[in-house]
Each structure stands twice: as structure tokens, then as C-alpha cells.
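Biologist: I am new to this structure. Could you walk me through how to read it, one feature at a time?

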Amino acid sequence: MERCSQGHMQAKKRYLILLSAGACLVLLFYLGGVQLPAASRSRHDRSRNGHRPEQPWPHFSDPLHLFLPWDQTDTEDYNLHISPRQKRDINTSVYKGKRCRMDSCFDFSLCRKNGFKVYVYPQQKGEKISESYQNILSTIEGSRFYTSDPGQACLFVLSLDTLDRDQLSPQYVHNLKTKVQNLPLWNDGRNHLIFNLYSGTWPDYTEDLGFDIGQAMLAKASISTENFRPNFDVSIPLFSKEHPRTGGERGYLKYNSIPPFRKYMLVFKGKRYLTGIGSDTRNALYHVHNAEDVVLLTTCKHGKDWQKHKDARCDKDNAEYDKYDYKEMLHNSTFCLVPRGRRLGSFRFLEALQAACVPVMLSNGWELPFSEIIDWNTAAVIGDERLLLQIPTTVRSIHQDKILSLRQQTQLLWEAYFSSVEKIVLTTLEIIQDRVLEHASRSSLMWNSHPGGLFALPQYSGYLGDFPFYYDTLGIRPYPKFTAVIHAVSPLVSQSQPILKLLAAVAKSQYCAQIIVLWNCDKPLPAKHRWPATSVPVIVIEGENKVMSSRFLPYEIIVTDAVLSLDEDTVLSTTEVDFAFTVWQSFPERIVGYPARSHFWDSNKERWGYTSKWTNDYSMVLTGAAIYHRYYHFLYTNYLPTSLKSMVDQLANCEDILMNFLVSAVTKLPPIKVTQKKQYKETMMGQSSRASRWADPDHFAQRQTCMNKFASWFGAMPLVHSQMRLDPVLFKDQVSILRKKYRDIERL
């Protein structure tokens with residue numbers, strides 16, 4: 001009997017397993033049939049029309065239309081199973097596209113034809129735009145990403161102001177839902193980017209923008225990790241309306257002071273919220289405040305009716321709050337507390353970064369700004385709101401070496417990504433471009449080390465050793481040869497012309513790999529036999545459109561890291577060339593050379609001035625006789641806007657100033673002047689084509705105009721003054737001439 005019942009039980013189990021498997025198969029078949037009927041039907045239709053049936057592989061030229069987006073739940077089949085209320089909630093939710101990712105809600109095919117181009121909708125009459133949003137739009141329109149043709153665009157940005165979606169705010173735009181839906185290019189938000197600083201309103205301050213963003217990406221401040229869609233949205237910092245559009249102030253860390261401790265260990269000064277959603281953390285700060293090295297101050301005195309709601313602690317807190325100056329605290333503290341306010345983010349975050357005060361984050365669930373690219377553990381302390389009482393002990397235990405490292409990183413990040421609206425917007429666009437052009441995206445090292453991701457263009461190379469900034473990190477040195485690029489603008493009529501003497505002198509350098517003569521002259525190329533025979537290859541190429549900027553094009557023919565840029569009438573000896581190159585090898589990210597110039601602020605005219613006076617002070621080394629890394633050719637061509645390069649080409653002037661602006665903006669350092677022969681000044685100014693330009697007063701006035709135009713675009717003056725001049729060892733010492741390595745420099 002026992003064996004019989006056992007057999008019966010096993011048979012029953014087998015039956016149930018088979019039944020379950022059959023039900024699963026039926027369900028899978030049913031779901032498959034519901035989701036892809038159109039695709040299968042069209043395949044049969046095509047074969048019936050005489051076309052070859054498609055292969056059962058995905059068609060990748062435009063994969064988007066074959067897949068149902070994650071969030072597309074408006075189909076009849078789906079709506080049968082949800083209540084009207086649920087349906088309404090889905091339609092009004094800002095996160096209708098909560099499961100959107102680049103592969104499901106972004107059309108990559110729009111970016112293939114013209115690269116990563118951004119279109120800004122034309123501004124509509126009568127629509128108010130806040131100054132902050134206008135700054136965002138102006139930044140995009142002035143960038144190299146901008147296109148005025150929507151047909152060329154890969155990304156679209158609304159001209160409707162979406163920054164402040166708090167209904168109580170005077171900046172709130174009404175009827176945004178209807179206005180957005182009526183845009184002809186909206187396409188349910190696909191390939192659109194929406195900027196937002198404030199969302200939700202009193203008392204709960206949700207992250208709802210008050211309109212359906214569809215499949216658009218969000219560049220949003222105070223976004224929670226819960227609502228953040230990784231590798232789709234971009235978390236941006238909360239910035240005030242006073243935040244500069246371009247340029248921005250440098251960080252406040254002037255010296256690497258060791259030990260790095262300041263007057264205070266930990267500080268905070270801000271509002272305490274008595275009603276509505278607020279920060280419980282802020283209400284508990286008084287437990288940790290000791291009025292000595294931990295100074296955490298809150299005030300109830302804000303809002304119209306704060307006295308109605310004030311509690312027993314308000315008067316004491318307000319009195320303590322008024323005793324301290326916020327800026328003095330900020331600049332004299334090692335750590336700055338950044339607790340949540342009404343929303344997850346606060347202005348304290350950027351203020352701390354700029355002040356080189358290490359941010360201590362107390363805002364659980366906040367997706368930190370640019371978290372996709374920035375390693376915040378190297379610049380901030382990430383705390384937990386639930387462990388407030390442990391924070392003072394934690395920060396006191398951090399070693400001074402680590403504090404200095406954290407502080408230095410705050411400065412790098414502030415200056416690279418946060419110091420202006422322009423930096424914030426461009427960083428957002430570069431992050432999205434890296435996703436689109438994944439094969440040419442930046443590594444974490446490029447984003448988190450000097451000079452930052454905006455100046456390290458991954459399209460240049462996939463190998464860090466090809467950039468001038470990473471030699472120390474990688475433990476390598478630049479290639480020990482240079483390519484000379486001689487800019488020729490005069491016809492070749494005599495064998496005694498300066499260009500031929502220069503060519504011979506450069507070719508004799510032990511470090512010269514090749515010489516390129518860039519023929520920017522209107523006359524045809526001279527015959528090969530007109531050029532002197534040299535031990536290194538001499539390649540003559542025609543300049544593109546015969547314009548000045550063509551001397552800085554990233555020619556593939558340049559095979560060395562170093563470029564020796566020369567004007568045709570420059571007078572240099574082989575010894576001077578050798579010495580300049582050995583100096584450059586120690587400073588590969590800077591311009592190293594001979595002719596120096598300086599800038600100054602003319603307070604009478606309230607503009608920047610340009611001077612060629614021979615003094616100890618300089619801020620530019622002109623590219624008529626200078627060595628720099630070939631990467632700057634790529635950066636000049638691909639980073640700078642067309643407007644600046646067009647100005648240079650129209651004036652046939654200032655290209656050397658623009659290159660100095662660019663390199664100093666990247667490095668935050670001055671160029672390096674090397675010593676020269678006693679007669680260098682006279683020979684440089686000999687009777688030549690270049691000299692006649694120096695004597696022309698219009699030429700000088702143009703250079704003044706260029707300086708101010710360039711400074712305006714960069715948002716600040718990037719040039720840095722220096723008095724450092726590098727001489728050969730024993731240059732003027734009274735020792736035997738035979739003991740000197742660079743003897744020819746002294747002989748003349």
C-alpha cells in the first residue's frame with residue numbers, strides 16, 4: 001500500500017510540473033504575440049510583395065523603432081488592466097519615463113550624420129526667460145556643439161524656461177504642459193534635454209516638474225538616487241542667479257599649506273525649517289555645536305511668519321547665528337557641513353568647494369552632481385544623516401595628508417566643472433556626448449585629474465600618453481624629437497632669404513625629426529630644387545585656404561609630440577633650438593620659446609592692453625619661435641568657437657595671442673621664456689616681412705582688440721604673469737668656454 005501511494009504521489013508531481021511548464025509556454029507565446037505583432041506582420045507582408053524576407057537579426061541602422069520603450073504603457077492592451085486613477089497618475093507623473101535609458105529612449109541615428117550637435121528652440125514672443133536660463137541657452141549657442149539647423153541636431157534644448165518649477169515662484173512658467181506638447185519637434189521628448197534647478201513646492205517639495213517630460217533627459221539639481229535614471233539623467237549642482245555665466249572666480253586655495261588645519265574644524269551657517277518639509281539634521285545640529293572648533297549655526301528668522309512657529313530654541317539660535325561672519329568661517333575652516341535644506345541640494349555645496357573647505361555631505365539619497373564622472377570620495381566626505389553625532393569624531397580622525405589631498409581636489413573640480421554656468425552646461429553636454437560616442441569617451445582619470453574633462457578631448461586619442469598632461473601619472477616622457485613647422489607667407493625669390501637660413505639651422509639640431517614648410521603664400525609652390533639639401537626630411541604643404549589658423553591645424557604628418565612653430569623670418573641658431581627643446585621636455589604642457597610679450601589692465605580705457613616692451617615681466621611667448629605639444633593644434637581647431645578663429649583669419653593677426661590664451665586657460669600657468677643671444681632683439685626686428693607688420697600701428701591696435709575679444713569669450717583673463725627665464729647653466733659664468741654646453745648662445 002505504501003509503495004502504491006508513493007507512486008501515486010510522484011505521478012501527481014510530474015503532472016503538476018508538466019502543467020506548470022505548459023502554462024508558462026502558453027503565457028510566453030501569448031506575451032510575444034501581443035508585443036510584436038506589427039513587426040512579424042510587416043515581415044510577412046514584405047515577403048509576399050516579392051522582397052527577400054529579413055534575416056532574424058536586429059537591424060541596427062535605427063534600432064529604436066523596433067523596440068517598445070520601457071515606459072510606453074499607453075497601449076490599449078495595457079490600459080485594460082489599470083484603473084482610471086492609475087492611468088491619470090501615469091500620464092501626469094514627471095517620471096513617466098522612469099525606466100528610460102540611452103538604448104531605449106534616445107535615437108542615436110540623429111548623431112551619426114553630423115556628430116554631436118545641439119539645437120536650441122527659437123525664443124517665442126512674450127515668453128519670459130530668467131537670467132539663469134538665458135545664461136544656459138547663451139552658453140550652448142556660443143559653444144562648438146551648437147547648430148541653428150534642427151535637421152543636423154542630435155540633442156534639442158527648449159527655449160521655454162524650465163529651471164524653476166515651484167508654483168509659488170515668480171519665475172514659474174504657466175501652461176508649460178500644453179506649450180511643450182505643441183512643439184513640432186517634441187516627439188515625446190526623445191533626444192531632448194531639460195534643465196531644472198527647483199521642482200515641487202511647499203509643503204512637500206516633490207521632484208515633479210508639473211508637466212510630462214516623456215522620454216527627455218533631465219539635467220536636474222537636487223535629484224534623488226531613487227528618481228535618477230543612471231546614464232540617462234545628469235545631476236547638476238544648485239547654483240544661484242548670481243553665478244557667473246563665463247569665467248568665474250578661481251578657488252581660494254592659494255598655497256598648499258602644511259599642516260592644512262584652519263581655525264575651525266567644521267562649520268555650517270544656514271536656515272532651520274520650522275514648518276513643512278525640512279531637514280531634521282539641521283534641527284539637530286545644536287547637539288554637535290561647541291562654539292570652538294565645531295561651529296554649526298541655524299536661524300529661524302526667515303519667511304514672513306516665522307515668529308508664529310518659533311520654538312523654545314529660536315531666540316538663542318538666532319543670537320548665536322548673528323555672532324559669526326559666514327565668509328570668515330568659510331575661508332577658515334577645514335570641513336564644511338552640507339546638510340539638505342527644503343530640497344536635497346543647497347548652495348552650501350558650491351560655496352564649500354570654491355573655498356577649499358572639504359564638503360561633508362549630509363543629504364541621504366542625493367545623487368551628487370556629475371556623479372557619473374566625478375569620484376567624490378577624493379574631494380568630499382560622504383556622511384550619513386542618521387549618524388550626525390559621529391561626524392566631529394570622523395573628521396578629526398582624517399590624516400592631514402588626506403585633508404590636503406581632498407582640498408586640492410576641491411579646487412580642481414571647482415575650476416574644471418563648477419565655477420561658471422558655462423562650465424556646468426558644457427560638462428553636462430560633454431557627459432552626454434561621451435555616452436553617444438562611447439568608443440571615444442573619457443576615462444575616469446581624465447575627468448578627475450588636471451586639466452579636467454573639458455580640455456581633454458577623447459577624439460584626439462584613446463591613449464593617455466598622447467596628451468601632455470599625463471606623463472607624470474603614467475611615468476613616461478615625451479618623444480625625444482620635434483617637428484618644425486615654418487609658416488611661409490613670402491615668395492621664394494633669393495637664396496639669401498631668412499627662411500632658408502632658418503631651415504638650415506633647424507635641420508642641424510640633434511632633436512629635429514622633420515621640417516614642415518606650411519606654404520601660405522599666394523604664389524605657387526617653389527620647385528623642390530629651390531629648397532636646400534638637409535639631413536632631415538623637408539615636407540612642403542599648402543595651407544588650408546591660406547589663412548592664419550591653418551598653421552595650427554592638427555596635421556597627421558606631424559609625428560612627434562613637440563612642435564617647433566616658426567615664422568619664416570625668425571632668426572635662431574641650432575644651439576638655441578636645442579636648448580629650447582631640452583627645456584620643453586621638462587614642461588611639455590606649456591609653451592616654451594623666445595619672443596615674449598605681456599598684457600596689462602588699462603584702467604583709463606577700462607580694457608586689457610598689449611605691450612611688446614622688453615622687460616623682465618611677460619605673460620605670452622609668441623608662436624613665431626616657440627615649442628609646444630601637438631595636442632594644442634587639435635584643441636585650437638576643435639575646442640575654440642568658429643567666431644574667434646574667423647576673427648584671426650580676417651585680420652591675418654593674433655593667432656599667436658589666441659594660442660597663448662588657450663594654453664594658459666588649460667594649464668592655469670604662464671609660458672616659459674628661454675634665454676637668447678644678445679643680438680636676438682635686433683635680428684628679430686631686421687628688415688623682413690614680419691618686421692614691417694610690427695611697425696604698422698594698425699597691426700598693434702588689432703592685437704589690443706583681439707586681447708579684449710578673447711578675454712570676453714574666455715570669461716576672464718587666462719594669461720598669467722611670470723618673471724622666470726631659463727638660461728643655460730654657466731651662461732654668463734667666467735669659466736672656460738669649452739666647459740659650456742651651449743657655447744654659441746654666449747658667443748654672439
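Modeller: Count the bonded cysteines along the chain, and the disulfides follow the pattern 1-2, 3-4, 5-6, 7-8, 9-10. Keep in mind that this is a predicted model.

Biologist: How many disulfides does the structure hold?

Modeller: Five. One of them joins Cys111 to Cys154, with an S to S distance of 1.9 Å. The angle about its S-S bond is 60°, a right-handed link. Cys111 sits in helix 6 (residues 109–112) and Cys154 in the loop between helix 7 and strand 2, so the bond ties together parts 43 residues apart in sequence.

Biologist: Are Cys111 and Cys154 buried or exposed?

Modeller: Cys111 is buried, at 5% relative accessible area. Cys154 is buried too, at 0%.

Biologist: Which hand does the link of Cys300 and Cys314 have?

Modeller: Left-handed, with -95° about the S-S bond. The sulfur atoms of Cys300 and Cys314 are 2.1 Å apart. Cys300 is in the loop between strand 9 (294–299) and helix 10 (306–309), while Cys314 is in helix 11 (residues 314–322).

Biologist: And what about Cys654 and Cys706?

Modeller: They form a disulfide with sulfur atoms 2.0 Å apart. The torsion about that S-S bond is about 80°, so it is right-handed. Cys654 lies in the loop between helix 22 (642–651) and helix 23 (655–667), and Cys706 in helix 26 (residues 697–714), so parts 52 residues apart in sequence are tied together. Cys654 is buried, at 0% relative accessibility. Cys706 is also buried, at 0%.

Biologist: Now charges. What is the general idea?

Modeller: Side chains of opposite charge can pair when their charged atoms come close. A search of the whole structure here finds 22 salt bridges.

Biologist: Which residue forms a salt bridge with Lys179?

Modeller: Glu127, with the closest N and O atoms 3.1 Å apart. Lys179 lies in helix 8 (residues 176–181), and Glu127 in the loop between strand 1 (118–120) and helix 7 (131–141), so the pair ties together parts 52 residues apart in sequence. Lys179 is partly exposed, at 25% relative accessible area. Glu127 is partly exposed as well, at 23%.

Biologist: Where is a pair with buried partners?

Modeller: Look at Arg229 and Asp233, whose side chains meet in a salt bridge at 2.7 Å, N to O. Arg229 counts as buried at 1% relative accessibility. Asp233 is buried at 0% relative accessible area.

Biologist: How do I read a strand?

Modeller: Take strand 4 (residues 192–196). Five of its five residues are buried, so the rest of the structure largely encloses it. Both faces are covered: His192, Ile194 and Asn196 on one side, Leu193 and Phe195 on the other.

Biologist: What joins strand 4 to strand 2?

Modeller: Two bridges, with strand 2 (residues 155–157) and strand 4 running parallel. Val157 stands opposite Leu193 there. Strand 4 also pairs with strand 6 (residues 217–220) in the parallel sense, over four bridges. In strand 6, Ala219 is the bridge partner of Phe195.

Biologist: Last, a helix. What is the rule?

Modeller: An α-helix has 3.6 residues a turn, so residues three or four places apart point the same way. Now try helix 7. Its buried residues include Ser132, Asn135, Ile136 and Thr139. The buried residues of helix 7 pack against strand 1, strand 2, strand 4 and helix 16 (421–436).

Conventions:
Residues numbered from 1 in each chain as written. Predicted model: local features only at pLDDT ≥ 70, side-chain atom pairs only at ≥ 80, totals over all residues. Heavy atoms only, no water. Buried < 20%, exposed > 50% of the residue type's maximum accessible area, 1.4 Å probe, protein only. Pairing = 2+ DSSP bridges. Salt bridge = Lys/Arg side-chain N within 4 Å of Asp/Glu carboxyl O. Contact = heavy atoms within 4.5 Å. Disulfide = S-S within 2.5 Å.
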